Amino acid sequence: MTRRGVLAGAVTVAAATAAGCSVPAPPRPVRSADPAPGRTVAQTAGRALLMQFAAHPDDDLYFMNPDTQRLLDAGVPLVSVYVTAGEHTGVNRIKGMPETPPDRAAYSSARHQGLRQAYAEALGAGRFTAWQKRIATLAGGRRAEVDTLVHGGRRVELVFLDLPMHTPRRYMALPALWEDRALELRTHLPADSPVTRADTYDHDGLTEVLAGLLAAYRPTVVHTLDPDPDIQHSAEATRKRDSEQPGYSDHGDHTAVACFTWAALLRRVADATAAGEPVPAFTTTAFRGYYNRHWPKNLPPRVLAEKAAHLVPYGGDPAWECGNPSGCGDYGVGGDRPLTNRKGWVRSTHYRWPAPGPAVAAEPGGRLAAYGVLGLRAVRWRETVPGSGRFGAPEDLGGGPLVPALGATSLPDGRTLLFGVRIAALSGRGGPNRRELVLLEQRSPGGPFLAWRGLGNPERGEDRGRRIGAPVAVTAPDGRVHLFVRNADKGISTRVRAADGRWGPWRALPAQEELQDGLTALTDATGRVHVLAAGREAVRHWVDGSPAAPLPLAGDPVAAVPSPGGVRVFYRRPAEAALRASTGAAPAFEGYGLLSAAPAQGAPAEGAPTLLGRDPHHRVQLLRESRLHTRTRGPAPVGDAVLVGGAAIGLGADARPWLWRP
């Protein structure tokens, strides 16, 4: 069946509202699948497809790259959905251009042309390569423009829904649509769109369309914006200058589109399982947005230069002859402006829930078990044969809907504990929007699990509770389990489980400064529990809950290994590729992103550790016994791999785990 036929087949018609009723119906809860385990999970058979959802043209280039580009480079097809038309004020000019009247349809068209130019170059084609344009029929009979380019065996599709950025009263349209159950928006058509008739969207209609697109394309990797941005209190003049919503560190459209996207993901899984289909096999990554402006930058020069270069064809230039009368890009983003912009959005790429994955545990007999989140549910993959590095089909452990990050630790008796963040409610329209920490405890080593258990939330109130980060846990030699999570104040909250299984209350560690997410927890040779986190001014360190001496500032989460007297920490300074160490000379290990470390067996404490991370080309690299190895084959990695002995285990773009043992 053709892609157009698949999309048309995904059409569903919303039930008509009662005529003459002036009071909106109460909000219906977002449908989500039964969290009980035991469902069949879809098999991808090696198929991979990336689908990303952006509020505006350029959100993907600013916030989701270089991850998107690396998957494209590996041959993974891309479908990129843009919810708004990006028309803003209709002014597309830079200093030196003559004044022209605002033209929203032309500005939207110019931004779409900029995207075509950027992705043509990303595929290795000429920036003015012609794209195929068509009209896709979506849920409720709505229409969207779909632009497609195939080059060198790789494929990109751009889907433009073209909702307006503002209501007629100048309110921000998407945040209003998320919260207002009576609001309807009419699409804003770009000047060059093949779609000639505007459509109407309400809250349920947009969720339905996004869920229908997910069902039609069946992605294995989904990129979203941040549904739960940090609390950020800025002076009103500063907030407006930074284009942030009141009280939070992101644009209001980013948050609203992320919430709609996650609501659609919930609905997609619920619809599939209700129809008796397997759980869709996709993994998700949510990316921070304007958060990047507030924290030390984490991309080294080589990676930054490549990321910024992809914005050059998007920004375009008024002198270019691209064939689009409305304009050849978003001129305010052209040239070197992304790099000279004081907001610095392009200089970082941050995940909303940073964590290496999948979580891995050794089962009796030596077989490895990998744990991750597929279709918003926890799953377990087991090695088919101990030591083979090949994993069988995913086993559904339920618990959803879960965010992508799982924390894990092993008890002294060999049982595994898994920790997740559950989306307990996601309603919009004045309804509840809650997150909670949850626990899955293994009944016996290598065996089945007990029922999921809620661990609450260190924050009181739904709004603050949405800001919690990725859970991290470590088991001390005395059998106690220490659970850590970043809280709404950008500090660390902890909860401790006694050796007999009873949990103590949530409490906050003594504040030192505001911290980024991506915590590191481990025990040293004497059994003391260490937790480290990168802050605004330094890497902060606690030992058994008490502050310890800080380390120099880092741009990303750090790695650590036990050493005499404490721990040895490995980190990278902001915007640097070189590795540094808290003690002794650091080995040569240039790259960026999350790090994993393990002490070299039989080596001196200050000797060469085993290190895992990304190189500047986003390839997985492993340093073992002072030899550097680079992974150049196998499925394209998604996110960060985890270090297990002398091997790396990660999740591929085909939604299956891989093991690499150099």
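pLDDT is the predictor's confidence in each residue, on a scale from 0 to 100. The protein averages a pLDDT of 92, and 94% of the residues score at least 70. Over residues 1-24, however, the pLDDT is below 50; beyond near neighbours in sequence, this stretch has 28 contacts in the model, a contact being heavy atoms within 4.5 Å.

The model is predicted, so local features need a pLDDT of at least 70 and side-chain atom pairs count only at pLDDT 80 or more, whereas totals for chains, interfaces and linings use all residues. Residues are numbered from 1 along each chain as its sequence is written, and side-chain values use heavy atoms, with hydrogens and water left out.

- Thr409 is found in strand 14 (residues 407-410); helices (H or I, at least four residues) and strands (E, at least two) are DSSP runs, numbered from the N terminus.
- Thr409 counts as buried because its relative accessibility is 9%, where buried means under 20% relative accessible area, exposed over 50% and partly exposed in between (1.4 Å probe, protein chains only).
- The side chain of Thr409 makes a polar contact with the side chain of Thr475, at 2.7 Å. A polar contact is a pair of N or O atoms within 3.5 Å; within protein, one must be able to donate a hydrogen and the other to accept it, and residues adjacent in sequence count only if both atoms are side-chain atoms.
- Not counting residues up to four places away in sequence, Thr409 touches residues including Arg415, Leu417, Phe419 and Val481.

**Aromatic pairs**

- A search of the whole structure finds 13 aromatic pairs. Rings of Phe, Tyr and Trp (its six-membered ring) pair if their centres lie within 6.5 Å; planes under 30 degrees apart count as stacked, over 60 as edge-to-face and the rest as tilted.
- Tyr62 and Trp345 form an edge-to-face pair, 5.7 Å centre to centre with 85° between the planes.
- Tyr62 lies in helix 2 (residues 59-64) and Trp345 in the loop between helix 11 (337-340) and strand 10 (359-362), so the pair ties together parts 283 residues apart in sequence.
- Both Tyr62 and Trp345 are buried.
- The ring centres of Tyr82 and Phe160 are 5.5 Å apart and their planes lie at 25°, so this pair is stacked.
- Tyr82 in strand 2 (residues 78-84) and Phe160 in strand 5 (residues 154-163) are 78 residues apart, and the pair links distant parts of the chain.
- Tyr62, Phe63, Tyr290 and Trp345 form one aromatic cluster.
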